[in-house]
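Have the viewer open and follow along.

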Amino acid sequence: MRAETLAIHAGNLYEPHTKDVTAPINLSTTFLRDADGGYSGGHMYSRMSNPNRAALEKTMAELEKGADACAFSSGNTAGMSVFQALKPGSHILAPDDMYWGFKRQLQSIFADTIEIDFIDLTNPDLIGGHIRKNTVMIWVETPSNPLLKITDIAAIAQIARSKGLILACDSTFASPCLQNPIALGANIVMHSSTKYIGGHSDVLGGVLVTAEKDELWEKIRNIQQVGGAVPSPFDCFLLSRSIKTLAYRMRGHCENGMALALYLEKHPVVEAVFYPGLPTHPGHETARQQMTGFGGMLSILIKGGADEARRVVNKMKLFAQATSLGGVESLIEHRASIEGPDTKTPQNLIRISAGLEHIDDLIADFEQALS
């Protein structure tokens with residue numbers, strides 16, 4: 001089945017008694033045991049598993065062409081569970097441009113247990129010089145946040161396999177409808193399901209999908225179930241509901257993202273546009289090969305520095321000035337100001353999440369703000 005069909009049918013729960021077409025919300029925290037002490041219903045306690053979470057995980061595993069999935073209460077806890085599963089003293093390679101929340105995790109929470117090198121993973125030739133005896137993982141993020149760098153997943157996967165390393169990919173900016181890292185050789189793919197998967201800026205969540213149920217995956221599943229940072233049944237219901245329209249929403253995000261990039265690329269106030277759909281983007285060819293669409297995320301540099309960038313953001317009327325991305329509404333943000341004083345994000349950078357409004361209205365909003 002294609003992604004559009006899987007999204008609608010993979011996670012359906014047909015109740016044998018009520019015959020629901022739409023999966024009901026199962027709020028029970030505990031489940032009946034059989035006479036022999038077993039659990040023929042498949043669930044024991046909602047922290048361990050729940051019908052709604054099981055449905056969400058099944059859908060995500062199928063969409064990402066993986067063997068299994070784990071759903072978490074946020075994208076940060078999903079990524080953190082991967083890092084927690086590594087042995088103390090492990091060394092990982094991570095991208096020089098990555099989501100600041102994960103970079104902050106690695107530099108603070110895991111500072112005493114994991115060794116990290118942040119390098120430009122868009123250049124695979126740099127990897128060999130940074131591999132140590134204790135290197136266990138390469139963590140890639142493509143497209144990256146906020147510079148929209150593109151990493152060649154298949155090329156990095158080949159290096160990882162040859163060195164016996166795990167390859168994990170944050171594919172949040174792409175969604176399962178635009179990119180399948182496991183099909184390109186990744187071991188684990190991660191999503192902040194708060195973003196495109198949820199798609200309506202009203203539910204927090206994260207998901208990991210694995211290529212195989214190996215020893216590392218069993219550790220991650222144990223962290224999920226014993227640690228307990230799981231989404232509620234209602235959150236899982238909302239995410240499963242949103243996934244049903246994911247493929248069609250992504251088409252709109254891609255169309256608006258490309259149209260905005262083409263408009264902004266020609267505007268005299270804009271110094272640079274970062275969008276992998278533009279032929280001028282250094283990662284365009286790689287993105288074209290490993291993605292089926294270029295997404296709705298783009299960043300721009302405004303001439304005149306941080307003050308001018310903030311002025312533009314503050315003048316927007318339709319774009320909401322807010323953190324996050326992937327919702328049906330368009331969002332805009334002066335990114336450096338949220339990442340703190342040690343950020344390497346350019347001070348004149350504005351990050352844009354193109355929503356599903358009419359493109360003429362979005363361009364008109366930029367036209368008045370940039371004037």
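## Asn52 in helix α2

Asn52 sits in helix α2 (residues 51–63); helices here are DSSP runs of H or I with at least four residues, strands are runs of E with at least two, and both are numbered from the N terminus. Asn52 is buried, its relative accessible area being 4% (buried means under 20%, exposed over 50%, partly exposed in between, with a 1.4 Å probe and protein chains only). A polar atom of the Asn52 side chain lies 2.7 Å from the backbone nitrogen of Asn26.

This is a predicted model, in which local features need pLDDT of at least 70 and side-chain atom pairs pLDDT 80 or more, while totals for chains, interfaces and linings use all residues. Residues are numbered from 1 along each chain as its sequence is written, and side-chain values use heavy atoms, leaving out hydrogens and water.

Lys195 lies in the loop between β6 (188–191) and β7 (206–210), and counts as buried at 17% relative accessibility.

Neighbours within four places in sequence aside, Lys195 is in contact (heavy atoms within 4.5 Å) with Thr172, Ser324, Leu325 and Gly326.

In helix α10 (residues 305–315), Ala309, Val312 and Val313 are buried. Viewed down the axis of α10, these buried residues fall within an arc of 100°, so they line one face of the helix; the arc is taken from the directions from the helix axis to the C-beta atoms. On the other side of α10, Asp307 and Asn314 are exposed.

Elements covering the buried residues of α10 include β9 (297–302) and α12 (359–370).

Conventions: Polar contact = N/O pair within 3.5 Å; in protein donor to acceptor, adjacent residues only side chain to side chain.
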